[in-house]
Amino acid sequence: MDTSRLLRTTGTVIAAAGLLLSGCTSGGSGEPGAAAASLPSAPQSPDAAALRPYYAQKLTWRDCGVPGFQCSTMKAPLDYANPGSGQDVEIAVSRRTATGPGKRLGSLVVNPGGPGGSGIGYLQAYAGIGYPAAVRAQYDMVSFDPRGVERSSPVECLNGPAMDKYTQVDQTPDDAAERAELVAAFKEFAQACEAKSGRVLPHVSTVDAARDMDLLRGVLGDQKLHYVGASYGTLLGATYADLFPDRVGRLVLDGAMDPTRPALELNRDQTEGFETAFTSFAKDCAKQPDCPMGKGGPDAVAARLKEFFRKLDAQPVATGDPDRPLGEALATTGVIAALYDESAWPQLREALNSAMNGDGSGLLSLADSYYEREADGKYANLMFANAAVNCLDQPAAFTGPEAVDTALPSFEKASPVFGAGLAWAALNCTYWPVKATGKARELTAKGAAPIVVVGTTRDPATPYKWAQALAGQLESGTLLTYDGDGHTAYGRGSECIDAAINRYLLEGKAPQGGKKC
């Protein structure tokens, strides 16, 4: 498997808040770029007049160097509370026009999650060419990099060498010195983000991105928003629906998040999710002749992996890069990366085998795919945007290291293997330079057209109970269940799931609530 695409082709990016690892009618109303003056604007408010010019702008499409795709740039107000200030952010947009035949249904906006995942990268590498042909025939496939992400006024923080050091910091501190080192790393990260991106940091929340998405709907010429969001993209979609219920077209929220869960609970729930996924991997591994952790039940396999992590904590192994040996932090990230998709399990077994025999390059490669680190040492801004959005959306999970100490037993109960590391990772927002503007709350989208919420029973990053919760909160939510492994369900091999979602997108017929595949 191409590890560089491991997390980019299935919408599998970070979902929960603050991890160091860091997730109906057709409504078509004309061709993209049609004048939007008669379309619904932003919510009626004293600022509505100031927003009208943004909704009236016309996108100028250009070739963007990827065959079949066009790109453009949309302006949005930096601060929606003061849209007349004259300060803007640029939102990068890409599309692939409907291939036909058949009636054009409008635009289908897709988002891969994160927060921090590039929608444009996802569209051009996967959704715009890999979504079912019937869907691509009738929809213009569209995405955008949300504000703060990659091409859209990106949040910048650490340079490559500094980021290399940051990813190697011990996430399971054993003494006061290691605790101080971890706290210092979080502070350095936050201070670098403020120094390089202070202008945009207060304005990259999920609510801001949802308002940008309505602006995009308007300038595309669509009366309703049709949307498929994966992982964190479900929170973005649900937030949109709650803000603009009358503009909801066909919304698919795949690998759903629960907006009522505060940051601490989100992180602990996700820890449970990774334990569930690891248990599935362990059961499968024990059946394989190349299982690096031998035979026995999941508990025995987990114990051996935990012992291996302990050894790496004391003595990292070589990777071929003398500046980046495989220690516990990078090894844990590499394992977690592979748990997102069960098709990566053979690669994980091979990487673990190699690492246990002194070659950590395989696990390092998996970790690099997770962090979106390129071979030249440059990082995409995924981790920077991820922290910026998460730390703005909710108050920090912890007030300081002592609060982590208190929570550690519950995290370690949730996952004996990953619990401690994920608990300490959730400390990052504690030192964020911008105060959170959002909080955990119920999203109901009262009056919206039917919304399909998809949950996978053994999803590592967005536990199934989150999908159940979101479907229950949304007034028009209907739950579609995939009994399987891996993160998200659409386009991952289940004909039953794909058929149900395709019918909804193409015909507007939502699956019956409670349908299971």
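Me: What is the mean pLDDT of the protein?
Reply: The mean pLDDT (the predictor's confidence in each residue, from 0 to 100) is 90, and 91% of the residues reach 70 or more. This is a predicted model, in which local features need pLDDT of at least 70 and side-chain atom pairs count only at pLDDT 80 or more, while totals for chains, interfaces and linings use all residues. Residues are numbered from 1 along each chain as its sequence is written, and side-chain values use heavy atoms, with hydrogens and water left out.

Me: And where does pLDDT stay under 50?
Reply: That is the case over residues 1-44, for which the model has 178 contacts beyond four places in sequence, a contact meaning heavy atoms within 4.5 Å.

Me: Switching to cysteines, how many disulfides are there?
Reply: The count comes to 5 disulfides, where a disulfide is taken as a pair of cysteine sulfur atoms within 2.5 Å. With bonded cysteines counted along the chain, the disulfides follow the pattern 1-2, 3-4, 5-6, 7-8, 9-10.

Me: Cys 64 and Cys 71, how far apart are their sulfur atoms?
Reply: The sulfur atoms of Cys 64 and Cys 71 are 2.4 Å apart, and the link is right-handed, with 75 degrees about the S-S bond.

Me: Is Cys 71 buried or exposed?
Reply: Cys 71 counts as buried, because its relative accessibility is 9%, whereas Cys 64 is partly exposed with a relative accessible area of 24%. Here buried means under 20% relative accessible area, exposed over 50%, and partly exposed in between, using a 1.4 Å probe and protein chains only.

Me: OK, why is the disulfide of Cys 391 and Cys 429 left-handed?
Reply: Because the torsion about the S-S bond of Cys 391 and Cys 429 is about -85 degrees. Cys 391 lies in helix 13 (residues 382-393) and Cys 429 in the loop between helix 15 (419-425) and strand 8 (451-458), so this pair ties together parts that are 38 residues apart in sequence. Helices (H or I, at least four residues) and strands (E, at least two) are DSSP runs, numbered from the N terminus. The sulfur atoms of Cys 391 and Cys 429 are 2.0 Å apart, and both cysteines are buried.

Me: What about Cys 496 and Cys 517, which handedness there?
Reply: The link of Cys 496 and Cys 517 is left-handed, with -60 degrees about the S-S bond. The pair links distant parts of the chain, 21 residues apart, with Cys 496 in helix 17 (residues 495-507) and Cys 517 in the segment after strand 10 (515-516).

Me: And how accessible is Cys 496?
Reply: Cys 496 counts as partly exposed, at 29% relative accessibility, and Cys 517 is partly exposed too, with a relative accessible area of 21%.
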